Amino acid sequence: MPIIILSLHLRKNTTIYQSMSQKARAFLKNTLKAVIPLAIGVLIFVWVYREINFENIWSILKKGVHYQWIIFSLLFCFLGEVIRGVRWGLLITPLGRKAKTSNLIYSVFVNYLVNLILLRMGEVARCAVINKYEKVSFTKAIGTLITERIVDLLSLAVVILLAFLPQMNNVFNFLNQETSLVDNVSEIFTSVWLYVGLAVVVILIWIVWTQFEEAVFIRKFKQATQNVWSGVKTIRQLEAKTTFGIMTVLLWVVYFLQFYVCIYAFDFSASLTIFQGLFIFVMANIGIVVPVQGGIGPWHFMVIHTMVFFGIGSIEAAAFALIVHGAQMIFTILIGVFGVVALPLTNKKIKKNQ
């Protein structure tokens, strides 16, 4: 929303924006999409670490980390992205295309890399890659990703239940301790303006859809919507539903292990139980929902506060969040760059045939 408002402001009130070429305007818009969410994340990160003594964190970095566990966690990070790519291929197959496994995996690498630069645009990049190298309809590929996200949300809900049900006392104690967080969330969902805004959006969509149904852009939009829906429906046409289900379970087990093994990288957290580790993992994933690149800031906030709740010192918890998130982000960048380089190299024959 801030990006849209700023773009409209530039368009209406400055001659600079009007004098820009179409490419320059697109560049400005994309820059704002990247910078504004990242700035919000950085501000949250700075706020979270505002009272932390970085000399103490540096001391932990030098002497208090068993780095073999951090490196081990990166194996699960890699495995998770591979599984996600292979599972996506099961959704694409009903569209009439048997995508090359390496292209699927490399496209996931690119997906996560782009998400660190342009918020939520990684999925678009993933579909663009498959469209380019596998000739899968872009809009239908988007539909399969919508299905994938729905499955992921349902899976996360199950993981949350598994984490919370055995520890309901801890859940209530945590919420009582974090009253300001609960109040802020409650204030958002009880705000009249939220529902007024949603109503206005629905009314505008209905007006455009019914009054301009013969317009070219509406017809194109309807066609694109039908293609997206074709992609969404692939879940019904899956021949390997059992395999898809097993891979989904395996994916979340791998994600959990990616986080959990890092607990053993620090003496101060090694005594945490597997249920406490699962609880922290769930809270970290809730933090990722906040729309900033890589969960920078919100992820750290949730991990630190949850670890402190379980008796870990604030400095130690801050060091844990900084090192674990930082290592996994660097690894994501490296394999993302690898994916970008590998895609054209492994598809040379296809390009020559075309």
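This is a predicted model: local features need pLDDT of at least 70, side-chain atom pairs count only at pLDDT 80 or more; totals for chains, interfaces and linings use all residues.

Analyst: Residues are numbered from 1 along each chain as its sequence is written, and side-chain values use heavy atoms, with hydrogens and water left out.

User: What makes a stretch of this chain a helix, and how many helices and strands are there?
Analyst: Helices and strands are DSSP runs numbered from the N terminus, a helix (H or I) having at least four residues and a strand (E) at least two. By that rule the chain holds 18 helices and zero strands.

User: How do you know that the span of helix α14 agrees with its number of residues?
Analyst: The expected span is 1.5 Å times one less than the number of residues. For the 20 residues of α14 (residues 241-260) this should come to 28 Å, and because the end C-alpha atoms are 29 Å apart, the two values agree.

User: Why is Asp-152 called buried?
Analyst: Buried means under 20% relative accessible area, exposed means over 50%, and partly exposed lies in between (1.4 Å probe, protein chains only). Asp-152, which is found in helix α8 (residues 138-164), has 9% relative accessibility and therefore counts as buried. Over the chain, buried residues make up 41% of the 354 residues, and those of α14 include Phe-244, Trp-252 and Tyr-260.

User: What makes the pairing of Asp-152 with Arg-84 a polar contact?
Analyst: A polar contact is a pair of N or O atoms within 3.5 Å; within protein, one must be able to donate a hydrogen and the other to accept it, and residues adjacent in sequence count only if both atoms are side-chain atoms. The side chains of Asp-152 and Arg-84 are joined by such a contact at 2.9 Å. In the wider sense of contact, heavy atoms within 4.5 Å, Asp-152 touches Arg-84, Arg-87 and Trp-252, leaving aside its neighbours within four places in sequence.

User: Is His-325 buried or exposed, and what lies 2.7 Å from a polar atom of its side chain?
Analyst: His-325, in helix α17 (residues 314-346), is buried because its relative accessible area is 9%. The backbone oxygen of Gly-294 lies 2.7 Å from a polar atom of the His-325 side chain. Beyond neighbours within four places in sequence, the contacts of His-325 include Ile-296, Trp-299 and His-300.

User: Why are Thr-31 and Lys-135 called partly exposed?
Analyst: Thr-31, in helix α3 (residues 22-48), has 29% relative accessibility and so counts as partly exposed. Lys-135, in the loop between α7 (122-134) and α8, has 49% and so counts as partly exposed too. Lys-135 also has a positive phi of about 60° although it is not a glycine.

User: What makes Phe-309 and Phe-310 an edge-to-face pair?
Analyst: Rings of Phe, Tyr and Trp (its six-membered ring) pair if their centres lie within 6.5 Å, and planes under 30 degrees apart count as stacked, over 60 as edge-to-face and the rest as tilted. This rule gives 22 aromatic pairs. In the pair of Phe-309 and Phe-310, the centres are 5.2 Å apart with 65° between the planes, which is edge-to-face, and both residues are buried.

User: How do you know that the charge of Arg-126 sits over the ring of Trp-88?
Analyst: The rule asks for NZ of Lys or CZ of Arg within 6 Å of the ring centre and within 35 degrees of the ring normal. The charged end of Arg-126 sits over the Trp-88 ring, 4.7 Å from its centre.
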